[in-house]
Amino acid sequence: MNGKRKLTIAVTGLNNTDNPGPGIPVIRALRESQDFDVRIIGMAYENLEPGIYMHDMVDKTYRVPYPSEGTDMLLNRVLDISKIEKIDVLIPNFDAELLAFMKSRKKLADAGIHTFLPEIDRFEERNKNNLPDFGKKYGFKVPSGQPVTNPEELKEIKEDFDYPVVLKGKFYDAYIANNDDQAAMYFHKISAKWGLPVIIQEYIRGTEVNVVALGDGNGNTVGAVPMRKLYITDKGKAWAGITLDDERMLELTHRLIGATKWRGGMELELIRSDDDEFYLIEINPRIPAWVYLAVGAGQNLPEALVKLALGMEVSPFTEYKKGIIFVRYSFDLITDINEFEKLSISGIL
Amino acid sequence: MKLKRNIAVSESGFLFDPTSGESYSLNEQGLEILNLMKEGKSTPEVNEYMTETYDISSDEFEKYYLDFMGLLRQFKLLEDER
């Protein structure tokens with residue numbers, strides 16, 4: 001007996017690819033918990049999400065339907081899985097599935113599945129296409145932006161923006177366009193993948209910095225760690241990063257969580273402009289894939305999130321180590337066709 | 001001119017700015033100058049030390065020193081001078 005509380009935790013985002021989901025870093029953090037002995041149930045949308053085959057991380061994986069197939073389909077699948085596995089806590093890690101799980105919070109809770117997700121109105125108001133209004137409401141500098149639903153609109157709004165501009169998908173992807181042709185090309189590329197609208201955003205010259213944070217839903221920041229990407233992939237993802245010592249970033253985070261009473265994990269994407277001002281360019285309403293850096297720096301935010309989901313008392317983290325670096329690596333995991341077959345046919349591994 | 005308080009400089013000449021996350025490598029003389037600055041030495045004191053230690057005239061050193069300070073300022077490693 002190790003005295004730790006046994007918990008079954010369901011996690012999505014097992015796509016530890018070059019566009020990594022936060023699932024495996026979250027699991028890694030939970031496996032290092034001082035208080036919990038976790039059994040991890042992976043929920044995968046695709047058969048080749050690497051986390052499925054990482055048996056030291058994920059105890060059992062179930063295929064689940066995409067949220068686009070309907071909230072009920074996804075919810076019923078999760079409820080069915082929980083009948084077998086008795087899930088205590090569910091940690092969704094994809095933007096695209098969050099709304100479905102937020103809407104289902106009560107049904108999940110009735111089935112004994114705890115979550116710790118943002119309120120729907122808070123989730124909606126920080127949406128990329130609502131970000132300028134969010135900035136005005138809460139007093140944060142935000143680049144001007146506008147949702148666009150067809151390429152013709154790009155021409156109409158031309159007077160409002162100077163090139164370069166940033167084009168963003170509603171969930172993921174961002175490209176910098178330097179002229180009309182590039183803007184049109186990226187519009188089609190993004191809309192084909194993520195649907196409409198595509199968001200056009202003013203380009204702020206500076207350095208991108210990020211914060212991973214956890215709000216308790218009462219306006220308190222349970223933890224926050226700022227980071228700068230040291231190596232960025234061609235998908236714009238951090239492949240290496242370093243924790244920063246920046247009081248202003250922390251103050252901004254505390255102010256944002258205080259004003260919005262944010263509930264759950266979040267990632268703030270900021271630009272520190274050349275004249276040293278911070279612009280909020282995005283609020284991701286979930287734990288980011290680089291969260292393990294925060295764990296390495298002394299803040300096990302996924303563990304704290306689980307405690308909050310279970311209604312346990314959590315003391316806010318007050319410190320973290322500065323100058324801590326993460327460097328990602330790729331790894332060839334060898335598995336057998338039988339495993340792939342089992343998951344493909346039965347939806348369970 | 002003063003280095004920002006949270007800047008870390010190792011004995012090997014590795015300089016880390018924890019606010020920006022940037023790191024830099026200093027050569028031997030750069031490290032010596034920063035250490036003198038950290039000790040609170042004034043610009044004339046730094047000049048005196050370096051011209052006594054190395055075969056360089058005061059005017060020549062001042063030129064290099066100003067270049068170096070310009071670089072530190074550009075990288076936002078110096079305290080605001082108001």
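This note walks through a few backbone and helix-packing features of the structure above.

1. A word on the basis. This is a predicted model, in which local features need pLDDT of at least 70 and side-chain atom pairs count only at pLDDT 80 or more, while totals for chains, interfaces and linings use all residues. Residues are numbered from 1 along each chain as its sequence is written, chains are lettered from A and ligands numbered from 1 in the order in which they are written, and side-chain values use heavy atoms, with hydrogens and water left out.

2. Cis bonds in chain A. The peptide bond from Y163(A) to P164(A) is cis, with omega near 0 degrees. You will find P164(A) in the loop between α7 (151–156) and β6 (165–168) of chain A. Helices here are DSSP runs of H or I with at least four residues, and strands are runs of E with at least two, numbered from the N terminus. L196(A) and P197(A) are also joined by a cis peptide bond, with omega about 0 degrees; P197(A) lies in the loop between α8 (180–194) and β8 (198–202) of chain A.

3. Positive phi values. D276(A), a residue other than glycine, has a positive phi near 65 degrees, and its place is the loop between β12 (263–273) and β13 (278–284) of chain A. In chain B, phi of K76(B) is positive too, near 60 degrees, and K76(B) sits in the segment after α3 (58–74).

4. A helix pair in chain A. Helices α1 (residues 23–31) and α11 (residues 301–309) of chain A pack at about 75 degrees, their axes 7 Å apart. Axes are lines fitted to C-alpha atoms over the stretch in contact, with angles from 0 to 180 degrees between N-to-C directions. The angle makes α1(A) roughly perpendicular to α11(A) (65 to 115 degrees). V26(A), A29(A) and L30(A) meet P302(A), E303(A) and V306(A), in contact meaning heavy atoms within 4.5 Å.

5. A helix pair in chain B. The axes of α1 (residues 28–38) and α3(B) come within 12 Å and cross at roughly 75 degrees, so α1(B) is roughly perpendicular to α3(B). G30(B), I33(B), L34(B) and M37(B) in α1(B) meet residues of α3(B), including F61(B) and Y65(B).

How values were computed. Parallel < 35°, antiparallel > 145°, perpendicular 65-115°, else oblique.
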